[in-house]
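Keep the structure open as you read.

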Amino acid sequence: MFPVKQNWLVVALSAAGVVFILLGMMALAIPEPQEGIHIYQLDGHHAFYLMDIAGIFTLGLGVILTWLGGQFWTRQLHT
């Protein structure tokens, strides 16, 4: 068998993506009194706070990084 060349970009992107996904989920799980400033009121019972926006952004960044790692890994398999 031939040794497989390790592409550290795939590992780094995937690991960073998982970390950002976890951080985003933790930011979304913060209780309401600790969420920071009020950004937008949807109705009488629902609102967006600063940490909600930060959590959504961080979660999205993690998903994109993990997807990019998968795309690089797929490209590496086909070459």
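The questions below concern a predicted model, and they go from helix packing to single residues.

Q: How are helix α1 and helix α2 oriented where they pack, roughly parallel or roughly antiparallel?
A: Helix α1 covers residues 8-28 and helix α2 covers residues 50-78. Their axes lie 7 Å apart, at an angle of about 160°. Angles over 145 degrees count as roughly antiparallel. So α1 against α2 is roughly antiparallel.

Q: What is the hand of the crossing where α1 passes α2?
A: The two helices pack at an angle of about 160°. The way α1 passes α2 makes the crossing left-handed.

Q: What distance separates the end C-alpha atoms of α1, and what span should its residues give?
A: Helix α1 has 21 residues. At 1.5 Å a residue, they should span 30 Å. The distance between the end C-alpha atoms agrees, because it is also 30 Å.

Q: Which residues of α1 are buried, and what arc do they cover around the axis?
A: The buried residues of α1 are Val10, Leu13, Gly17, Gly24 and Ala27. They sit on the same side of α1, because their arc around the axis is only 125°.

Q: Which residues are exposed on the other side of α1?
A: One side of α1 carries the buried residues, among them Leu13 and Gly17. The other side has two exposed residues: Trp8 and Met26.

Q: Is Tyr49 buried or exposed?
A: Tyr49 belongs to strand β2, residues 47-49. Its relative accessibility is 15%. The cut-off for buried is under 20%. Therefore Tyr49 counts as buried.

Q: What is the C-alpha to C-alpha distance between Tyr49 and Glu35?
A: In sequence, Tyr49 and Glu35 are 14 residues apart. In space, their C-alpha atoms are separated by 5.9 Å.

Q: What is the C-alpha to C-alpha distance between Val19 and Thr66?
A: Val19 is in helix α1. At 46% relative accessibility, Val19 is partly exposed. Val19 and Thr66 are 47 residues apart in sequence. Their C-alpha to C-alpha distance is 9.8 Å.

Q: What separates the C-alpha atoms of Met25 and Leu59?
A: Met25 is placed in helix α1. Its relative accessible area is 46%, so Met25 is partly exposed. Along the chain, Met25 and Leu59 are 34 residues apart. Their C-alpha atoms are separated by 6.7 Å.

Note on methods:
Residues numbered from 1 in each chain as written. Predicted model: local features only at pLDDT ≥ 70, side-chain atom pairs only at ≥ 80, totals over all residues. Heavy atoms only, no water. Axes fitted to C-alpha atoms, helices over the stretch in contact; angles between N-to-C directions. Helix = DSSP H or I, 4+ residues; strand = E, 2+ residues; numbered from the N terminus. Parallel < 35°, antiparallel > 145°, perpendicular 65-115°, else oblique. Left-handed = near helix turned anticlockwise from the far one by under 90°. Expected span 1.5 Å × (residues − 1). Buried < 20%, exposed > 50% of the residue type's maximum accessible area, 1.4 Å probe, protein only. Arc of directions from axis to C-beta.
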